[in-house]
Amino acid sequence: AVVSTQNTGEIKIEQARMLDQPSRGGKGWRELANELGYQYEIKGRAGGDEAHLVSPTVSLLNRWQFTNTATVENLLKSLHSIERSDCACLLEAKYNVILIECLTTV
């Protein structure tokens, strides 16, 4: 399934809640960006006049959704790779997709 712009706003907000400020020692949006192949930092809440209004996770997912690798499955694999099965399970429930990795980590 390709990640579309329809009905993804709610899921992005949920992902942002979990990845923008990861728990202590947890992996967040920077690790996800690296896993998705981004070698630069997405501007987020630090710096700029309106940067405090922009979630770095939402910004990352907005850019990534227009790439040729933007599929739910690839996002799930990336989330599992950075050990964020909590975020992966949220997507699995939304898109009715289950990866073997989620079954073994939940």
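Predicted model: local features only at pLDDT ≥ 70, side-chain atom pairs only at ≥ 80, totals over all residues.
No disulfides are present in the structure, a disulfide being taken as a pair of cysteine sulfur atoms within 2.5 Å. The reason is plain from the distances: the closest cysteine sulfur to that of Cys87 belongs to Cys89 and lies 9.4 Å away, which is too far for a bond. The surroundings of the two residues can be given as well. Cys87 is buried, with a relative accessible area of 0%, whereas Cys89 is partly exposed at 26%; here buried stands for under 20% relative accessible area, exposed for over 50%, and partly exposed for values in between, using a 1.4 Å probe and protein chains only.

Residues are numbered from 1 along each chain as its sequence is written, and side-chain values use heavy atoms, with hydrogens and water left out.

Turning to the overall fold, the protein chain contains six helices and zero strands, and its pattern along the sequence is accordingly written α-α-α-α-α-α. These elements are DSSP runs numbered from the N terminus, with helices (H or I) of at least four residues and strands (E) of at least two. The chain has 106 residues, of which 40% count as buried.

The interior comes next. In soluble globular proteins, nonpolar side chains tend to be buried together. In this model, the largest nonpolar core comprises 20 residues, and Leu32, Leu36, Trp64, Leu75 and Leu79 have the most contacts inside it. Two or more residues each come from α1 (9-19), α2 (29-35), α3 (56-64), α4 (72-81) and α5 (85-95), with α4 giving the most, namely four residues. Such a core is a set of buried Ala, Val, Leu, Ile, Met, Phe, Trp, Tyr and Cys residues joined through side-chain atoms within 4.5 Å.

Charged side chains form three salt bridges, each defined by a side-chain nitrogen of Lys or Arg within 4 Å of a carboxyl oxygen of Asp or Glu. One of them joins Arg17 to Glu14, at 3.0 Å from N to O. Both residues belong to helix α1 and are three residues apart, about one turn of the helix. Arg17 is exposed at 56% relative accessibility, and Glu14 is partly exposed at 27%.

Another salt bridge links the side chains of Lys27 and Glu83, at 4.0 Å from N to O. Because Lys27 sits in the loop between α1 and α2 and Glu83 in the loop between α4 and α5, the pair ties together parts that are 56 residues apart in sequence. Lys27 is partly exposed, with a relative accessible area of 31%, and Glu83 is exposed at 62%.

A further salt bridge pairs Arg84 with Asp86, whose closest N and O atoms are 2.9 Å apart. Arg84 is buried at 10% relative accessibility, while Asp86 is partly exposed at 36%.
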